[in-house]
Amino acid sequence: MQFQSAEDFQFFPRHWKKRTDSDVRNSFTLVTYNILADVAMEPIKGYDKYVPIERRYMDYRLPRILKELKEMDADVVCLQEVQAYIYTNHLQSFMKTNGYEGVFLQRQDDLGEATFFKSSKFECVDSRCCVLHEIADDILQKVEMDKELRDRIRRHICKPNAILITKLKLLDNKKEVAIGNVHALWSTTQLDVVLLQVACAVKTLSSFAGGPEKSQILTGDFNSTPDSAVYHLLSGGEIDKTWREQLQKHSEKISARNGGQAQDLYLMDLIENALGHEVPLKSAYAFVLGKEPPITNHDGAYFDEVLKVCFDYIWFHSDRIDVTGVLDMPPEDALSRHYSLPSPLFPSDHLPVKAELLLK
């Protein structure tokens, strides 16, 4: 790949919103960033209307993304939509040159995930890659149903979405934290599957961390807004009847024989008792600013109107971790200056999200 020069690219000015003082021995910064893979852009014709072909792909965008990562200088970097060749041929060496070690998860659709950490700050104790529908299938094994229905549900939930978990140990004080890097399904008609994926991500991270009482962070692109069932589950630990009914309006029925009879069922009818969790999670931005950023994803390719939503979060165990500050977000007029993202100012359709966390 022949890269275009990024010499003229400047990281858009953003300001630190401080909540409390840092503690060098116990604190670290974390960035999560969906960098928009070429393979995700290629089939979507909507980008044609505002992203010139010479600015569309990684030959133009990756040098700018790398400059952003260097400027943000986070201790931990969690990336989504990382294609295997981008990680192997470019990201891995660039990050190593800048003091990072990394772990990579390659997905079947090549929308991989990568977690990097500064080797001067952490050592990696362990890591794990988990496909979310395989975790969901283990949960569904506990639900009694006919083989036809079970097979139909497996087809319904079989998506390539996954979670990459790393357990890191601070070199200064030997405290450990498990960090889950997740990229949930994007869908307007299968919100039940999105919810199940996130529930599986929480359960898997909690188990890997050593239990719901251990230090853990779940971060990434959840493809869910603050007024969604996913957000309600993460912040509240359960889904009540009102949310279940709401989900059914945006979910597909599953038709199959069960108990000798043909039935039309919603996935929520079968999994509602498996969704809860006991981890006291809080979102870093809402914790510091009192609300989520209005926009972390600005994309004009999918609909007649530009999508302007908050999809990206840093969820932390509020009993074991504190948040000392977050990086504020660019104003909307900057995001829409070239209609939408990606643009010459912002090389992905998502914005990098950054917080400083403190292990108690």
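**Overall build**

The model is predicted. The protein holds eleven helices and 17 strands. Its radius of gyration is 20 Å, close to the 21 Å that the globule rule gives for 360 residues, so the protein is as compact as a globular protein of that length. The C-alpha trace spans about 65 × 50 × 35 Å along its principal axes. Of the 360 residues, 58% are buried.

**Two helix pairs**

Two packed helices are described by the angle between their axes and the distance between the axes. Here are the values for two pairs.

| Helix pair | Axis distance | Crossing angle |
|---|---|---|
| H6 (residues 191-209) and H7 (residues 229-236) | within 9 Å | roughly 25 degrees |
| H4 (residues 132-140) and H5 (residues 147-157) | 10 Å | about 155 degrees |

Take H6 and H7. Their axes cross at roughly 25 degrees. An angle under 35 degrees counts as roughly parallel, and H6 and H7 are therefore roughly parallel to each other. Their crossing is right-handed. On the H6 side, the contact uses Val194, Leu195, Val198, Ala199 and Val202. H7 supplies Ala229, Val230, Leu233 and Leu234. What kinds of residue make up the contact of H6 with H7? Nine are nonpolar, with no polar and no charged residues.

Now H4 and H5. They pack at an angle of about 155 degrees. Over 145 degrees counts as roughly antiparallel, so H4 is roughly antiparallel to H5. The crossing of H4 and H5 is right-handed. H4 brings His133, Ala136, Asp137 and Leu140 to the contact. H5 brings Arg150, Ile153, Arg154 and Ile157. The contact of H4 with H5 divides into four nonpolar residues, one polar and three charged.

Is Pro347 buried or exposed? Its relative accessibility is 1%, so Pro347 counts as buried. Beyond residues up to four places away in sequence, Pro347 touches Phe9, Tyr33, Arg61, Arg64, Ile65, Glu68 and Pro342. Pro347 and Gln80 are 267 residues apart along the chain, yet their C-alpha atoms are separated by 14 Å.

Pro342 also sits in the loop between H11 and S17. The peptide bond from Leu341 to Pro342 is cis, with omega near 5 degrees.

**A strand residue**

Asp126 belongs to strand S6 (residues 122-131). With a relative accessible area of 39%, Asp126 is partly exposed. Leaving aside neighbours within four places in sequence, Asp126 contacts Ile165, Thr166, Lys167 and Phe208. Asp126 and Met145 are 19 residues apart in sequence, and their C-alpha atoms are 36 Å apart in space.

Which phi does Asp73 have? Phi of Asp73 is near 50 degrees, a positive value in a residue other than glycine. Asp73 lies in the loop between helix H2 (58-72) and strand S3 (76-82). At 42% relative accessibility, Asp73 is partly exposed.

Asn223 is not a glycine either, and has a positive phi of about 45 degrees. Asn223 is placed in the loop between strand S9 (216-221) and H7. Its relative accessible area is 12%, so Asn223 is buried.

Conventions
Residues are numbered from 1 along each chain as its sequence is written. This is a predicted model: local features need pLDDT of at least 70, side-chain atom pairs count only at pLDDT 80 or more; totals for chains, interfaces and linings use all residues. Side-chain values use heavy atoms; hydrogens and water are left out. Axes are lines fitted to C-alpha atoms, for helices over the stretch in contact, and angles run from 0 to 180 degrees between N-to-C directions. Helices (H or I, at least four residues) and strands (E, at least two) are DSSP runs, numbered from the N terminus. Angles under 35 degrees count as roughly parallel, over 145 as roughly antiparallel, 65 to 115 as roughly perpendicular and the rest as oblique. A crossing is left-handed if the near helix is turned anticlockwise from the far one by less than a right angle, and right-handed if clockwise. Contact means heavy atoms within 4.5 Å. Ala, Val, Leu, Ile, Met, Phe, Trp, Tyr, Cys and Pro count as nonpolar, Asp, Glu, Lys and Arg as charged, and the others, Gly among them, as polar. The radius of gyration is taken over C-alpha atoms; the globule rule is 2.2 Å times the number of residues to the power 0.38. Buried means under 20% relative accessible area, exposed over 50%, partly exposed in between (1.4 Å probe, protein chains only).
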